[in-house]
Amino acid sequence: MKEGLVAEILELPVEERVLLVEAIWDSISAAPDAIPLTQWQREELDRRLADYQANPNSGRTMEEVFSDLRK
């Protein structure tokens, strides 16, 4: 990584650094195959999918979760 670039980024206001992080994350998430899952991650995702398929109504909606967080 270029040290000068990192130093320049760290001089940006926090709001601009947050926007930069969002842009970087968007570029990473656009290529999910570029970051392979570990065996542990794959097993955990399989477990969660099986739990959901066995009990599809046991979860909560995003709205319910956010409502609880706001309380």
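Ala34 is found in the loop between α2 and α3. Helices here are DSSP runs of H or I with at least four residues, strands are runs of E with at least two, and both are numbered from the N terminus. Ala34 is exposed, at a relative accessible area of 59%. Exposed means over 50% relative accessible area, buried means under 20%, and partly exposed lies in between (1.4 Å probe, protein chains only).

The model is a predicted one: local features need pLDDT of at least 70, side-chain atom pairs count only at pLDDT 80 or more, and totals for chains, interfaces and linings use all residues. Residues are numbered from 1 along each chain as its sequence is written, and side-chain values use heavy atoms, with hydrogens and water left out.

The chain has four helices and zero strands. From the N terminus on, the order of elements is α-α-α-α. The chain is more spread out than a compact globule, because its radius of gyration is 19 Å, well over the 11 Å that the globule rule gives for 71 residues. The radius is taken over C-alpha atoms, and the globule rule is 2.2 Å times the number of residues to the power 0.38. Along its principal axes, the C-alpha trace spans about 50 × 35 × 20 Å.

Burial and surface were computed next. Of the 71 residues, 1% count as buried. The chain exposes about 6800 Å², and carbon and sulfur atoms supply 59% of this area. Accessible areas come from the Shrake-Rupley method with a 1.4 Å probe; for residues, only the protein chains shown count as cover.

A nonpolar patch on the surface is formed by Ile24, Trp25, Ile28 and Ile35. Together these residues have about 400 Å² of accessible area. Patches are made of residues with over 30% relative accessible area and no salt bridge; nonpolar side chains (Val, Leu, Ile, Met, Phe, Trp, Tyr) are joined within 5 Å, and like charges within 9 Å. Trp25 has its place in helix α2 (residues 14-29). Trp25 is exposed, with a relative accessible area of 54%.

The chain carries 8 positive and 15 negative charges, and their mean positions are 6 Å apart. Lys and Arg count as positive, Asp and Glu as negative, while His and the chain ends are not counted. Each charge is placed at NZ of Lys, CZ of Arg, CG of Asp or CD of Glu.

Five salt bridges are found in the whole structure. A salt bridge is a side-chain nitrogen of Lys or Arg within 4 Å of a carboxyl oxygen of Asp or Glu. Glu44, Arg47, Arg48 and Asp51 are linked in a network of such bridges. Glu44 meets Arg47 at 2.5 Å, N to O. These two residues are three apart in helix α3 (residues 39-54), so about one helical turn separates them. Glu44 also meets Arg48, at 2.8 Å from N to O. Glu44 and Arg48 lie four residues apart in helix α3, about one turn of the helix. Arg47 forms a further salt bridge with Asp51, the closest N and O atoms being 2.9 Å apart. Arg47 and Asp51 are four residues apart in helix α3, so they too are separated by about one helical turn.

Glu44 is buried, at 18% relative accessible area. Asp51 is partly exposed, at 39%. Arg47 also counts as partly exposed, at 42%. Arg48 counts as exposed, at 52%.

Lys71 lies in the segment after α4 (62-70). Lys71 is exposed, with a relative accessible area of 78%. Lys71 and Pro36 are 35 residues apart along the chain, and their C-alpha atoms are separated by 37 Å. Val14, in helix α2, is exposed at 54% relative accessible area. Val14 and Lys71 are 57 residues apart in sequence and 27 Å apart in space, C-alpha to C-alpha.
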